[in-house]
Amino acid sequence: YHITARCINHEWFQLPMEAVWKIMSRQLYFINKAFNVKILSYVLMNNHFHLLVLTPEANVSLAMANFMKETSLSLAKAGNRVNETYTGRHYKCIIKSYHHFNHAYKYVYRNPVAAGIVQKVEDYPYSTLYGLLGRSHLFIPVEEDTILFDDVEGSLNWLNANPRQSDIDAISTALKKREFCLRRDTSTGRPNRL
């Protein structure tokens, strides 16, 4: 699954990113252990997050309900927030093929680059990629990343390669659906590729 949730009214989390990262990391650790959620990647942005997971026990809704409730309570308490943290429930998109997973993986890790926060994916500190590369201690238990570690340099080059806007739009649209499905490029008739 690709899972995302956004703060209410597109507001910031109202805490320093490092504090939000710690809260999210603790809760991701918990859902990994308590619900057997296999975490593949996670990127925290200033008002939303992207998460790629496997759920062998088909309990993604239960695990994410816990995650959303507990992070919302922790964020509210730490930031003196009165209102809800999130706009509502999380959004999830099932990804059924390795090819589609690669598109989602690149989209998730490129999010800080697309937002203009960093120039390279490996430079963003609130991402599991940053920890996997040994740039910080990673408390989030991430599954073995064969995409990254089969060829670190090649993978980083691929992640940092700027895709066409039409491809980014196609991936973004596909991730908003219940099941990931790429529309075809109208100019070539072929599926969009990042």
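**Reading charged pairs and a helix contact**

Modeller: Arg164 and Asp167 form a salt bridge, with their closest N and O atoms 3.0 Å apart. Keep in mind that the model is predicted.

Biologist: Why can such side chains pair?

Modeller: Side chains of opposite charge can pair when their charged atoms come close. In this pair, Asp167 counts as buried because its relative accessibility is 3%, while Arg164 is partly exposed at 46%.

Biologist: How many salt bridges does a search of the whole structure find?

Modeller: The search finds four. One of them joins Lys96 to Glu179, whose closest N and O atoms lie 3.3 Å apart. This pair links distant parts of the chain, 83 residues apart: Lys96 is in the loop between β4 and α3, and Glu179 is in the segment after α7.

Biologist: Is Lys96 buried or exposed?

Modeller: Exposed, because buried means under 20% relative accessible area and exposed means over 50%; Lys96 has 60%. Glu179, at 38%, is partly exposed.

Biologist: What is the angle between α3 and α7?

Modeller: The two helices pack at about 105°, with axes 10 Å apart. Angles of 65 to 115 degrees count as roughly perpendicular, so α3 and α7 are roughly perpendicular to each other.

Biologist: Which residues meet in that contact?

Modeller: From α3 come His103, Ala104 and Tyr107; from α7 come Ile168, Ile171, Ser172 and Leu175. Five residues of this contact are nonpolar, two are polar and none is charged.

Conventions
Residues numbered from 1 in each chain as written. Predicted model: local features only at pLDDT ≥ 70, side-chain atom pairs only at ≥ 80, totals over all residues. Heavy atoms only, no water. Axes fitted to C-alpha atoms, helices over the stretch in contact; angles between N-to-C directions. Helix = DSSP H or I, 4+ residues; strand = E, 2+ residues; numbered from the N terminus. Parallel < 35°, antiparallel > 145°, perpendicular 65-115°, else oblique. Contact = heavy atoms within 4.5 Å. Nonpolar A, V, L, I, M, F, W, Y, C, P; charged D, E, K, R; others polar. Salt bridge = Lys/Arg side-chain N within 4 Å of Asp/Glu carboxyl O. Buried < 20%, exposed > 50% of the residue type's maximum accessible area, 1.4 Å probe, protein only.
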